[in-house]
Amino acid sequence: MTDTLLIALFAFLGAAAAGLAGALVLRLLRHRSVALSLTVVAAVAVTAMLAGTLAVAWAMFLSPHDLWVVTTVCAMAAVVSLATALLLGRWVVARSNALALAARSFGEEGGFVPPEAPGTAEIDALVRELAATSEKLEASRERERALESSRRELVAWISHDLRTPLAGLRAMAEALEDGMAADPDRFFRQIRTEVDRLNAMVGDLFELSRIHAGALPLSPVRVSAAELVGEALDGVGPLAREHGVRLVGERDEAVASDAVAVEVDAQAMSRVLGNLMINAIRRTPADGTVAVSARRGSDDASVVLAVTDGCGGIPEEDLPRVFDTGWRGTHARTPPAGEGPPAGAGLGLAIVRGLVEAHAGRAAVRNVRGGCRFEVTLPAAPP
């Protein structure tokens, strides 16, 4: 038993000395290539075995022949181990270099193209993570491009919408100042109308900026879907009569009995339905119909508020942009000055989407026969 312990002790001391020396070399070479590190690791393993074996051999006083045999065997094992480590290191380095070359595409417009040659499990996992990150980055770039396009379009629309009323206000002010106005009262009324229009535009911009900044204050209360529909119909009744448009309120049995409720900011949701219905009325020809409806969602955990108009439909390629900031389609979609409430700058539907998403809902639009249907889906309030 004592001999066994001595053999184990001598083997441990010899291997530990080789291991400490290898650890020191690895620390000195920690910033070098993986191939060199793998070679050092293989050399440490063989050297530790050789040192332990020689320490035991010398302690046991082996014959020179036996000691030479043991040393030769360990040396051959060291040569094979080092050669294998060098080959493995070159293979790993080649895969790492290919991955580094593919990762350079992150800073460019192109996406990440993973290397074709397979690598180790760790390298393959890193490739998958880089590919997923590349997809997210590309989606972020697309959103950035869309936002930039929307911003430029918004600036163009607002510049156009501000230039016209401001030029009119200046001309009317100069006419009044010079005493050239034949009917000053009419000029005063028109100035008031244009000021209201500009004030509404500034208000929309301010509200949209608060929505985008996440600083919109909301005070959710429990409201029945039937009450929201009724208030929306009452609010736009005069405008519908002015345009000769019929209003229709549709509610399923559960909604009509006030059994379906939502927890929303009542004022914000009135703004949502009001914007949708005003747009629908303005785009529906005289003698047309605008319908507002409320029903349970297909999952019974949501409420769907919908406004259907008779505008003739929206081009399919424009449907994804309907809720973008500043989008109004064509100039023909902008109401002429003096028709109905003050026209905005293409912000109404963007505000609708912002308010709905602030309530954890979603807004969508699709074409139906003779027009289009805007749907607002909100989470249903718990019973």
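Helices here are DSSP runs of H or I with at least four residues, strands are DSSP runs of E with at least two, and both are numbered from the N terminus. What you're looking at is a predicted model, in which local features need pLDDT of at least 70, side-chain atom pairs count only at pLDDT 80 or more, and totals for chains, interfaces and linings use all residues. Residues are numbered from 1 along each chain as its sequence is written, and side-chain values use heavy atoms, with hydrogens and water left out.

Let's start with helix α4, residues 121–178. Arg-170 and Glu-174 are four residues apart in this helix, so about one helical turn separates them. In general, an α-helix has 3.6 residues a turn, so residues three or four places apart point the same way. Arg-170 and Glu-174 form a salt bridge (a side-chain nitrogen of Lys or Arg within 4 Å of a carboxyl oxygen of Asp or Glu), with the closest N and O atoms 3.2 Å apart. To talk about the surface we need some cut-offs: buried means under 20% relative accessible area, exposed means over 50%, and partly exposed is in between, using a 1.4 Å probe and protein chains only. Arg-170 counts as exposed because its relative accessibility is 59%, while Glu-174, at 39%, is partly exposed.

Arg-192 and Asp-196 both lie in it, four residues apart, about one turn of the helix. They form a salt bridge too, with the closest N and O atoms 3.5 Å apart. Arg-192 is exposed at 56% relative accessibility, and Asp-196 is partly exposed at 33%.

Among the buried residues of α6 are Leu-228, Val-229, Leu-233, Val-236 and Gly-237. After the helix comes Gly-244, which has a positive phi near 70 degrees.

Now for helix α8 (residues 266–283). It has 18 residues and reaches 26 Å from its first C-alpha to its last, close to the 26 Å expected. Asp-265 caps its N-terminal end, with a side-chain oxygen 3.1 Å from the backbone nitrogen of Gln-267. Buried residues in α8 include Met-269, Val-272, Asn-275 and Leu-276. Asn-275 has a relative accessibility of 12% and therefore counts as buried. Leaving aside neighbours within four places in sequence, Asn-275 is in contact (heavy atoms within 4.5 Å) with Gly-348, Ile-351 and Val-352.

What about the nonpolar core? A nonpolar core is a set of buried Ala, Val, Leu, Ile, Met, Phe, Trp, Tyr and Cys residues joined through side-chain atoms within 4.5 Å. The largest one has 47 residues, and those touching the most other members are Val-272, Leu-276, Leu-305, Phe-323, Val-365, Phe-374 and Leu-378. Not counting residues up to four places away in sequence, Val-272 touches Val-352, Leu-355, Val-356 and Val-376. A second, separate core has six residues, including Leu-169, Ala-175, Ala-181 and Phe-187.

Phe-323 sits in the loop between β5 (302–308) and α9 (348–358). Is Phe-323 buried or exposed? With a relative accessible area of 6%, Phe-323 is buried. Beyond its neighbours within four places in sequence, its contacts include Leu-349, Val-352, Val-365 and Phe-374. Phe-323 and Gly-348 are 25 residues apart in sequence, with 8.5 Å from C-alpha to C-alpha.

Asp-287, in the loop between α8 and β4 (289–296), has a positive phi of about 70 degrees although it is not a glycine. Asp-287 counts as exposed, at 60% relative accessibility. Ala-360 is in the loop between α9 and β6 (362–368), and its phi is near 65 degrees, a positive value in a residue other than glycine. Ala-360 is exposed, with a relative accessible area of 62%.

Definitions and conventions: Expected span 1.5 Å × (residues − 1). Polar contact = N/O pair within 3.5 Å; in protein donor to acceptor, adjacent residues only side chain to side chain.
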